[in-house]
Amino acid sequence: MSHLTVETGVLPTSESPHRGEGTTSRDQFEVLPPVIGHRGAAGCAPENTLAGLRKAKELGCRWAEFDVRLTADGQLILLHDERLDRTTNGRGKAALMSLTTVRRYDAGCRFGDAFRGERVPTLAEAVGVLGEMGIGANIELKAARGRAAQTGAAAAALISRMWPSHLPAPLISSFLQEALAAVRACAPSIARGLLFRSVPRDWHIHAQKLGCATIHADHRCLHPAIVAEIRDAGYPLLTYTVNDAARAVRLISWGVTSVFSDVPYIICAAMSAARQAATAKLSRQERGGKEQPGETA
């Protein structure tokens, strides 16, 4: 499969009105791409694995998203669900297992034989691979009940210590406001993103309280008015999980900054085609709508 170049979308250049003490802004991550690989590239490789991160890079992603949570012994691993059952050949809750136990299970075999032997990676391993590949990341925090603050503090500490200086500054996001508050307390310079399914009316109050830099929402709950409201307030808006090309192009046209996709190569190709069509249309308009010899509308 050919490598697809992803055009970047620049974050707002003026100082956002929500800036305040402990607030992160575009200074912490200068650009976000319009397409971000979801859980690595979950439609093309096992989600939340090192193979998935490498696949995201192979498919042209400049950023990848993945989920992080704690094991029983306080180790940060890449895993979306509380349980191992769906994505590995193991069973049970990761929060009740040691890292050694979690690593016994295969995180690739359910996706296909080509990925058999892939293990649940640690956050430290993922950061190392990101550094090797030169891509940025949105790290979403998950947590068992009562461990949100501990998860946020642990992730912030590790990222502060290990994040490669040559990479774009990371973005930590979560539905868990307690986790984001812990990130802010531990490492206020790390950019934070607040996750919603449907954006509530008082979204800006929560974002300001946590000093967030970005807003994230389910694309099925978005409409042009709420996109405009969030962008006019100075926040980049990221939306999940968009696997339909036409929908992705429409969302970007509304002003959405980035879409998370399991199949980023499909979305990238659609956006490239849309840009080319828009450029061709503008060129025709600049020529007064006159077609050149051999050109068709």
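This is a predicted model: local features need pLDDT of at least 70, side-chain atom pairs count only at pLDDT 80 or more; totals for chains, interfaces and linings use all residues.
**View 1. Packing of helix α1 against helix α3.** Helix α1, formed by residues 50-58, packs with α3 at an angle of about 20 degrees, and the two axes are 10 Å apart. Because angles under 35 degrees count as roughly parallel, α1 is described as roughly parallel to α3. The crossing of α1 past α3 is right-handed. On the α1 side, the contact is made by L50, L53, R54 and K57; on the α3 side, E125, A126, V129, E132 and M133 take part. Sorted by class, the contact of α1 with α3 comprises 5 nonpolar and 4 charged residues, with no polar ones.

**View 2. Packing of helix α3 against helix α4.** Helix α3 spans residues 123-133 and helix α4 spans residues 148-162. As α3 passes α4, the crossing is right-handed. From α3, the residues in contact are L123, A124 and V127, and these face A155, L158, I159 and M162 of α4. The residues of this contact divide into 7 nonpolar, no polar and no charged.

**View 3. Packing of helix α5 against helix α6.** Residues 177-186 form helix α5 and residues 203-210 form helix α6. The pair packs at an angle of about 30 degrees, with 9 Å between the axes. With the limit for a roughly parallel arrangement set at angles under 35 degrees, α5 and α6 are therefore roughly parallel to each other. Q177, L180, A181 and R184 of α5 are in contact with H206, Q208, K209 and L210 of α6. The contact of α5 with α6 contains 3 nonpolar, 3 polar and 2 charged residues.

**View 4. The largest cavity and its lining.** The structure holds 1 cavity of 30 Å³ or more. The space in the largest cavity amounts to about 60 Å³. Its lining is formed by E47, N48, T49, L78, L79, H80, T87, T88, A107 and V120. By class, the residues lining the largest cavity are 4 nonpolar, 5 polar and 1 charged.

Definitions and conventions:
Residues are numbered from 1 along each chain as its sequence is written. Side-chain values use heavy atoms; hydrogens and water are left out. Axes are lines fitted to C-alpha atoms, for helices over the stretch in contact, and angles run from 0 to 180 degrees between N-to-C directions. Helices (H or I, at least four residues) and strands (E, at least two) are DSSP runs, numbered from the N terminus. A crossing is left-handed if the near helix is turned anticlockwise from the far one by less than a right angle, and right-handed if clockwise. Contact means heavy atoms within 4.5 Å. Ala, Val, Leu, Ile, Met, Phe, Trp, Tyr, Cys and Pro count as nonpolar, Asp, Glu, Lys and Arg as charged, and the others, Gly among them, as polar. On a 1 Å grid over the protein atoms alone, a cavity is a set of points where a 1.4 Å probe fits but cannot get out, and a pocket is an open set with protein on both sides within 12 Å along at least five of seven lines; lining residues have an atom within 4 Å of a point. Grid points are joined across faces, edges and corners, and a volume is the space filled by probe spheres set on the points. Angles under 35 degrees count as roughly parallel, over 145 as roughly antiparallel, 65 to 115 as roughly perpendicular and the rest as oblique.
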